[in-house]
Number of protein chains: 2
Amino acid sequence: MNLEDKIKQAGNVARMLRNAPQGPYVFPMQSEYTNWRDEQRAWSETAVMFDQSLHMTDIHFKGPDVLRLMSDIGVNGFKNFGRNKAKQLIACNYDGYFLGDAILFAFEEDHYSLVGRPVAPNWAAFQAETGDYDVEVTRDERSVANDGRRLSFRFQLNGPATHKIVERAVGSPLPTIRFFAMGEIEIAGVPIRALNHTMAGVPGLEFTGLELVGPSDGAERVREALIAAGEEFGLRLGGARAYPSTAIESGWIAAPVPAIYTGDAMRAFREWLPGNGFEANASIAGSFVSDDIEDYYVTPWDLGYGRVIRFDHDFIGRAALEKMVDQPHRQKVWLRWNDRDVADLIADSLFGSGPHTKYLEMPVSNYGTNSYDQVLADGRLIGFSASSGYTVNVGGWSSHGMVAEDDAVDGREVTVLIGEENGGSAKPTVERHVQRAIRATLRTSPLV
Amino acid sequence: MNLEDKIKQAGNVARMLRNAPQGPYVFPMQSEYTNWRDEQRAWSETAVMFDQSLHMTDIHFKGPDVLRLMSDIGVNGFKNFGRNKAKQLIACNYDGYFLGDAILFAFEEDHYSLVGRPVAPNWAAFQAETGDYDVEVTRDERSVANDGRRLSFRFQLNGPATHKIVERAVGSPLPTIRFFAMGEIEIAGVPIRALNHTMAGVPGLEFTGLELVGPSDGAERVREALIAAGEEFGLRLGGARAYPSTAIESGWIAAPVPAIYTGDAMRAFREWLPGNGFEANASIAGSFVSDDIEDYYVTPWDLGYGRVIRFDHDFIGRAALEKMVDQPHRQKVWLRWNDRDVADLIADSLFGSGPHTKYLEMPVSNYGTNSYDQVLADGRLIGFSASSGYTVNVGGWSSHGMVAEDDAVDGREVTVLIGEENGGSAKPTVERHVQRAIRATLRTSPLV
């Protein structure tokens with residue numbers, strides 16, 4: 001059975017995803033190394049290291065046509081792209097709706113790798129295999145699909161001490177590595193590409209993150225060298241509890257519904273995708289409900305990627321996006337939840353015999369693959385709230401919002417409706433509960 | 001290095017344990033199967049199944065002297081004990097202080113197994129190996145010490161539907177199984193001993209739990225048969241989040257400090273124990289602080305086991321316990337934490353820029369191996385508060401208390417001091433925090 005078959009069998013794909021049994025993704029990392037509060041504080045004050053070796057899909061593309069392949073599916077510009085460059089690839093469907101993003105690593109001029117949630121890497125592999133490209137595809141599956149056997153290790157350091165720690169581990173000054181470029185370094189005799197990148201901070205503002213990629217048989221030596229180098233700089237290992245909360249601060253909206261479930265143009269991809277893969281098993285959670293899955297689709301502008309679209313090349317979705325340019329868009333915003341309202345929500349989720357409000361998991365309170373809560377202003381729906389959670393650096397709960405541009409006024413008070421309708425969907429992660437509107441302050445720039 | 005060496009090196013064993021890096025035990029089970037709220041509700045309303053195959057130390061004792069061995073170390077009576085009986089073995093040191101408890105299974109007249117936290121099984125193995133017993137010891141280590149290879153599977157069902165589900169899986173009426181006795185049954189062709197036992201309910205009150213033990217190569221067949229049989233009865237699988245919260249309801253005090261760290265009489269045992277085992281790595285967490293480890297020791301009466309002591313046989317600690325009989329004891333009580341105070345504590349652990357109160361993990365809020373918080377009445381220390389946490393069935397937070405008998409007045413309002421002194425100990429699970437006294441109502445009987 002493929003994804004297309006599964007959707008046909010289900011009848012309504014929006015209802016299928018809203019009631020899918022998939023809970024929030026459990027990252028294949030130790031839950032906590034010390035405690036998630038101090039692990040969060042580390043990326044703000046010293047440095048944190050996350051072992052990202054297991055959880056992401058990594059697909060390698062080799063051959064003379066790799067640049068053309070990526071340029072054909074990416075809305076991004078590709079001028080000057082090549083060896084030791086990287087890029088957050090943004091892919092859309094033919095109608096200009098967001099399909100997926102992933103980090104594109106150019107290891108060689110003819111050898112790229114695309115790393116992230118499975119959708120964009122799968123889309124690139126599908127295009128490579130079914131289109132007219134001289135590209136060889138090698139899948140390095142995430143551990144849930146491959147028992148943890150990986151080709152590469154991937155250690156991500158974040159925080160102000162990152163540079164010093166990696167330099168200490170290397171044993172000599174680091175080469176200059178520009179933002180989203182890679183440097184070639186060696187730690188404990190293991191060759192590594194070091195991507196200047198950040199998960200927790202806001203991209204581009206400062207040099208606060210390095211993602212170190214190398215052959216998996218060198219993982220333990222590099223890990224030990226980094227831990228030893230980090231000791232005097234206050235490096236903490238970060239676990240599965242803290243890890244997804246990095247995105248809450250950075251503003252990376254990890255989980256929009258990919259625009260692949262409808263339309264004739266996307267059918268071949270749905271038929272290519274398995275009926276039991278990520279795209280087929282993903283769930284939707286939250287107070288925003290529609291039986292039309294396209295109501296969950298978003299555009300690059302909604303996610304803050306309007307600035308990366310380059311109409312200097314042909315790519316899938318270009319014509320549709322060109323028409324959208326001057327249309328009104330939604331805008332990515334940060335929603336700082338009201339502490340008093342959240343405290344009351346938490347209390348009412350736990351105490352008393354009456355109907356409980358939705359339990360908020362800590363630190364990240366998502367309870368499905370893709371989170372969509374209603375955001376209202378003066379009782380009017382102005383957009384969605386996505387991944388939500390708490391960090392010690394924010395000092396409270398916040399979420400990402402995608403709201404109508406005209407409504408994206410910094411400092412505006414809005415409400416977010418927490419929980420699902422009619423006592424909750426059939427997702428087994430969802431206990432019976434009642435909805436609760438909480439106040440939030442809309443911010444057009446990051447909270448920390 | 002053995003435990004005795006490690007203590008000598010540390011200097012003060014109380015400080016060693018209070019600053020030990022060990023966090024709360026992470027049970028080797030899937031974290032949640034559905035969600036921990038509904039998993040907790042299941043043992044009250046339908047049934048829950050926990051896979052206990054991995055986490056407990058299980059030591060087998062075979063030979064003609066097994067009964068004498070256990071009788072020599074157990075304060076319990078052993079009249080009529082034998083094949084297909086079981087017992088919560090309570091062991092004390094020579095001074096009558098509690099050393100450990102574990103479940104003793106009599107599979108045959110000359111084949112017992114002792115299952116639980118490592119201390120009591122280790123003590124029995126030490127006695128068997130160093131004393132004059134014709135007993136062969138076979139260690140079946142918990143998965144943290146043995147990569148998950150076990151001799152037996154162990155599925156625990158709890159809740160009102162337990163009997164019906166197991167009967168359905170067996171395919172015929174169950175034999176009569178008295179409380180803490182075992183029945184011989186077969187599921188999916190696998191021979192099983194079924195212990196009438198309960199984790200969540202109060203022992204002896206009703207037939208609400210069965211622990212099914214069989215050879216590990218039959219585990220998957222039995223699991224599948226139980227899940228299939230449980231479907232129509234609302235059986236839920238229980239995960240690592242919900243699992244330790246069963247004890248909060250039942251009143252089993254899982255983690256008193258074992259009385260092994262001091263005294264000449266216990267030195268040989270300390271020299272026998274490794275310097276990196278459970279006893280050496282255990283930590284103490286909470287607001288009760290003393291540099292004298294003996295202040296953390298408890299008696300069987302403090303834990304509610306006074307009723308099981310039988311002076312009808314010789315056993316280690318007997319003389320000391322006989323002297324204690326008419327002395328004042330502490331009494332086990334339940335402390336129902338004040339919802340308003342807990343809600344404020346949670347809010348103050350998360351929000352604002354000021355010093356935070358101690359974060360309460362949910363549902364179980366222990367942050368070390370052994371939890372000891374101060375319990376005060378009118379500003380006077382009256383005892384300890386042990387394992388704490390939330391269950392939906394209680395509808396709030398509660399903990400176990402061990403308080404002076406005279407102070408154990410049902411309905412009395414006491415305070416529990418939450419958090420550690422001076423900003424917190426060096427345990428890496430502990431973020432910097434301030435202490436907070438919360439109100440609690442003392443109950444002399446279970447809360448649910």
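Buried means under 20% relative accessible area, exposed means over 50%, and partly exposed lies in between, as found with a 1.4 Å probe and protein chains only. This tour concerns a predicted model, in which local features need pLDDT of at least 70 and side-chain atom pairs count only at pLDDT 80 or more, while totals for chains, interfaces and linings use all residues. Residues are numbered from 1 along each chain as its sequence is written, chains are lettered from A and ligands numbered from 1 in the order in which they are written, and side-chain values use heavy atoms, with hydrogens and water left out.

**Cysteines**

Select A:Cys92 first. With a relative accessibility of 0%, A:Cys92 counts as buried. A disulfide is a covalent bond between the sulfur atoms of two cysteines.

**Cis peptide bonds**

Select A:Met362 and A:Pro363 and display the backbone. The peptide bond that joins A:Met362 to A:Pro363 is cis, with omega near 0°. A:Pro363 belongs to the loop between helix 13 (339–350) and strand 14 (370–371) of chain A. Helices (H or I, at least four residues) and strands (E, at least two) are DSSP runs, numbered from the N terminus. In chain B, select B:Met362 and B:Pro363, where the peptide bond is cis with omega near 0°. The loop that holds B:Pro363 runs between helix 13 (339–350) and strand 14 (370–371) of chain B.

**Positive phi angles**

Proceed to A:Asn422, in the loop between strand 18 (413–418) and strand 19 (436–443) of chain A. Although A:Asn422 is not a glycine, its phi is positive, at about 55°. A:Asn422 is exposed, because its relative accessible area is 78%.

Then select B:Ala188, which sits in the loop between strand 8 (182–187) and strand 9 (190–196) of chain B. B:Ala188 is not a glycine, yet has a positive phi of about 55°. With a relative accessible area of 38%, B:Ala188 is partly exposed.

**Salt bridges**

Side chains of opposite charge can pair when their charged atoms come close. A salt bridge is counted where a side-chain nitrogen of Lys or Arg is within 4 Å of a carboxyl oxygen of Asp or Glu. Over all chains, the structure holds 67 salt bridges.

Begin with A:Glu420 and A:Arg18, which form a salt bridge with their closest N and O atoms 3.9 Å apart. A:Glu420 lies in the loop between strand 18 and strand 19 of chain A and A:Arg18 in helix 2 (residues 13–18) of chain A, so the pair ties together parts that are 402 residues apart in sequence. Both A:Glu420 and A:Arg18 are buried.

Select B:Arg267 and B:Glu4 next. Their salt bridge has its closest N and O atoms 3.3 Å apart. B:Arg267 lies in helix 10 (residues 267–272) of chain B and B:Glu4 in helix 1 (residues 3–10) of chain B, so this pair ties together parts that are 263 residues apart in sequence. B:Arg267 is partly exposed, with a relative accessible area of 31%, whereas B:Glu4 is buried at 6% relative accessibility.

A further pair to select is B:Arg318 and B:Asp314, whose side chains meet in a salt bridge (3.5 Å, N to O). B:Arg318 counts as partly exposed at 21% relative accessibility, while B:Asp314 is exposed, with a relative accessible area of 59%.

Return to chain A and select A:Glu4, A:Asp264, A:Arg267 and A:Arg270 together; a network of salt bridges links these residues.

**Two residues in chain B loops**

Select B:Tyr243, in the loop between strand 11 (235–237) and helix 9 (245–250) of chain B. B:Tyr243 counts as buried, its relative accessibility being 7%. A distance drawn from its C-alpha atom to that of B:Ser385, 142 residues apart along the chain, comes to 20 Å.

Finish at B:Asp132, in the loop between helix 5 (119–130) and strand 6 (136–140) of chain B. B:Asp132 is exposed, with a relative accessible area of 67%. The C-alpha atoms of B:Asp132 and B:Asp65, 67 residues apart along the chain, are separated by 9.2 Å.
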